[in-house]
Structures are given as C-alpha cells and as structure tokens.
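This briefing accompanies the structure shown below. Please keep the structure in view while reading the points that follow.

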Amino acid sequence: MIRIAICDYERETVKKIENTVHDYQYKLRSQFEIHTFLDSRDLISCHCKFDLIFLDIEMPDIDGIKAAKKIREKDKKVKLVYAADHSEYAVNAFTVHPFDFAVKPLDPPKIRAILDEYIKYTVQQDEEKKVTLKTSGGTIVFSLGDIIAFEYIDNRRILVHTTSKSEEIRGSISEILQTINCEYFVSPHRSFIVNLREVNKIDDYIIYMSNGLQIPAAQKRLKEFQNMLNSYISDN
C-alpha cells in the first residue's frame, strides 16, 4: 500500500493529480491510498504517515516550504514533490530536500513520470538492502535483491541460492526469516524460504523459481502462500 497526499489550494489541480494517480494505479495494478488537502494546515495536522506528498509551494497562510519543514520534523523519509507556478521557487524548495519539483500546470505525463520515478526508486531501495548471515567460517553480506531462495539441508546448514551462485550458511529457517524481516520473503515449506519476486509459476505443489530451482510447497501452507504471492503481484 502506497499512501499519497495531494495538497494544493486549487481544487482543479488537486482533482487532476488525483485522477492521474487513480489511472496510474489501475494500469500498474498497485494499491494507492490517496488523501487530498486544500489547506496546508490540514496536511500538517493529519496523523497519517505518507510515502509521497504532492505539495504546492504557493499555499496561503502556511506556504509549502514552511509546511514541508513541519512535516520533516515528524517524518524524515517521506518523499516530497513540490509544485509552483514559477521555477525560481525551486531554489527554496531544495532546502527541505525534495524528491522532485514541477512547474505548474502539472499535466498527466509529468505526474506519471514522477510516479514512475518513485516506484523505481523504492524498488531499487529494497533490492539494495543488505543482510549479514553467519557461515561456519565467519559472515557473508548479501543483497536481498540477489537472493532467490533459502534451502535447509541438515544440522543447521542452509544453502542460499542467489542469482549468481549458492553459499552455505548456518542457522534455521525461522532464524533466517527473523533476520531478513522482509515481506516478500515467505516460507512455503518448513525447509525453504522463497523470494516472491523470483517466482515464475506454481504448478500443483511445485514452485518454479527464476533460476530453474523447483521448490515443494507444503499442503497446509500452499493456500496461504498463493494468497501472499497474489497480494504481492497486485501491489507491485
């Protein structure tokens, strides 16, 4: 779920951005939660945690720059997209670290380009996350985006199948799940963890991975695994 706020004193602009985001959501098959504001004070006082905010700089009462500073006090990670009638406002906007800046009027292609960049940025961030796992001789640092699956062998020995090779580590499947703590790594069987991004198909009780690996799904876990895979595909 991606939470988006749109704050602009022009109702027409708010509606245009909102409609474009709705259309984008439908084509991408992602789930967006959209909140709209005509007053920056309402945005500041809102207790929702947003992922992306479209914010007009030239708001009455509390302008976009002042509003952004107050928002940054509560949330350092939210991505801010500033809009203004004139490009000279961009210099001031960069004092509060924008994700993007757009000169009004915002047309649908520009809005879609911003959304494309945001999706690309967040996916890249996920793929670049690192996890450190123990081996018999020390530790290895993996990028989550490179891991296809974990396979338990025996006696706390686990194979990590990556896009380039397989490495042996120490631990249990439950310990690995707790360590990586990532929503798209799921255990369909007590001896395996799979990366949902790398699933090609499910046929009967066999999960086919992108590297050709075939992983069994436990009968009791298959339905839940299919639901989680469908939910991931729908969101992404």
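In this predicted model, a side-chain oxygen of Asp63 lies within 2.9 Å of the backbone nitrogen of Ile65, at the start of helix H3.

**Helix H3**
- Helix H3 spans residues 64-74, and its buried residues are Gly64, Ile65, Ala67, Ala68, Ile71 and Arg72.
- An α-helix has 3.6 residues a turn, so residues three or four places apart point the same way.
- Lys66, Glu73 and Lys74, on the other side of H3, are exposed.

**The open sheet**
- Five strands make up an open sheet with antiparallel pairing, in the order S10-S9-S8-S12-S11.
- Strand S10 (166-170) and strand S11 (185-189) are the edge strands, and each pairs on one side only.
- On average, neighbouring strands of this sheet are turned by 25° against each other, direction ignored.
- Strand S8 (residues 147-154) and strand S9 (residues 157-162) run antiparallel and are joined by six bridges.
- Asp154 has Arg157, in S9, as its bridge partner.

**Cysteines**
- A disulfide is a covalent bond between the sulfur atoms of two cysteines.
- The count of disulfides in this model is zero, with a cut-off of 2.5 Å between cysteine sulfur atoms.
- Cys46 is in no disulfide, and the nearest cysteine sulfur, that of Cys48, is 3.6 Å away.
- Cys46 is buried, with a relative accessible area of 16%.
- Cys7 also counts as buried, at 1% relative accessibility.

Note on methods. Residues numbered from 1 in each chain as written. Predicted model: local features only at pLDDT ≥ 70, side-chain atom pairs only at ≥ 80, totals over all residues. Heavy atoms only, no water. Buried < 20%, exposed > 50% of the residue type's maximum accessible area, 1.4 Å probe, protein only. Helix = DSSP H or I, 4+ residues; strand = E, 2+ residues; numbered from the N terminus. Polar contact = N/O pair within 3.5 Å; in protein donor to acceptor, adjacent residues only side chain to side chain. Pairing = 2+ DSSP bridges. Axes fitted to C-alpha atoms, helices over the stretch in contact; angles between N-to-C directions.
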